[in-house]
Amino acid sequence: MNANPVASASVCGRVMLVGAGPGDPELLTLKAVRAIRRATVLLVDDLVGEGVLHYARRSTRIVHVGKRGGCQSTPQAFIHQLMLREAQSGERVVRLKGGDPLVFGRGGEEAEYLRAHGVEVEVVNGITAGLAAATALQIPLTHREHAHGVILVTGHAKQGGARLHWPTLAAAAAQGLTLVIYMSVTTAAEVQSGLLRTMPASTPVAVVQHASLPQQRHAIGVLGELVTLIAQHRLGSPAIILIGDVLTGLQQLTATDAQMHAA
Ligand code: SAH
């Protein structure tokens, strides 16, 4: 006997979970463009760039189901039910999510819910914001001399969920890993003080807002001044904080630049 009667139901309907990338429509994959063009219903997150939607047909129903931290947002349960209803009624449903659908976007939960209700799910990758942020600064996230790997981490834990232990993470990063922190501008004080318990204050950091979009902005500095850096440059969400030695060259360039302007 099957323990999960829902999972054993025959497959009915199909949803594509598609990564819209960091915002620049030119960073969409060909698969994503094809899916958007074929969709009859597009369920769109609020971090999806407007330009991406130009690929949709005029007849496509576009539903914005944003879930921005701290703002009025569509409850996740509602999004689940909407996807299910549209898929079951035979629509070609594309769930368009910022970046990659399976990196911090609750795409995993959405896929699980749909599959448990007998809906077929296909995932199409997108370029995740952390990668786009590094490219915005033209720096590598790994480097044979500075970084053997990358940690993608969220600065915004689920309410009531287990909190990250930043000093432990800092110790791992000190082994030669670059930290790429999502959803962290509002929790930067906690990130800074937690990491400083293990990492030197002089560790290079960068904050990139709106990576890949025309309004992209960034600031470069050191961990000991992360919060000040964000405030001084008036950076806000959506942004990525990058931390690690891969930023050293960039930091030196910025310092030289500042000296040249002061001279
Ligand atoms: N699935 C997405 C992440 C969703 S979580 C991805 O793979 O990129 C939302 C967080 O992503 C934001 O709080 C911010 O930290 C980051 N983000 C998304 N788009 C961004 C952009 N264009 N520039 C900088 N950060 C971005």
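Visitor: Does Leu152 count as buried, partly exposed or exposed, and why?

Guide: Please note that the model is predicted. Buried means under 20% relative accessible area and exposed means over 50%, with partly exposed in between. Leu152 has 38% relative accessibility, so this residue counts as partly exposed. Its place in the fold is strand E6, which covers residues 149–154.

Visitor: How many residues does the largest nonpolar core have?

Guide: A nonpolar core is a set of buried residues joined through side-chain atoms. The largest one here has 24 residues, and Leu179, Ile181, Leu195, Val207 and Ile243 have the most contacts inside it. Among the elements that each supply at least two residues of this core are E6, helix H6 (188–196) and H7. Helix H5 gives the most, with 4 residues.

Visitor: What does Ile243 touch, residues up to four places away in sequence not counted?

Guide: Its partners include Leu179, Ile181 and Leu195, as well as Pro204 and Leu223.

Visitor: Where is Val227 placed, and which residues is it in contact with beyond its neighbours within four places in sequence?

Guide: Val227 lies in helix H7, residues 226–232. Beyond those neighbours, Val227 is in contact with Ala188, Ala189 and Gln192. Val227 and Ala189 are 38 residues apart along the chain, yet their C-alpha atoms are separated by 5.9 Å. Because its relative accessible area is 34%, Val227 is partly exposed.

Terms used
Residues are numbered from 1 along each chain as its sequence is written. This is a predicted model: local features need pLDDT of at least 70, side-chain atom pairs count only at pLDDT 80 or more; totals for chains, interfaces and linings use all residues. Side-chain values use heavy atoms; hydrogens and water are left out. Buried means under 20% relative accessible area, exposed over 50%, partly exposed in between (1.4 Å probe, protein chains only). Contact means heavy atoms within 4.5 Å. A nonpolar core is a set of buried Ala, Val, Leu, Ile, Met, Phe, Trp, Tyr and Cys residues joined through side-chain atoms within 4.5 Å.
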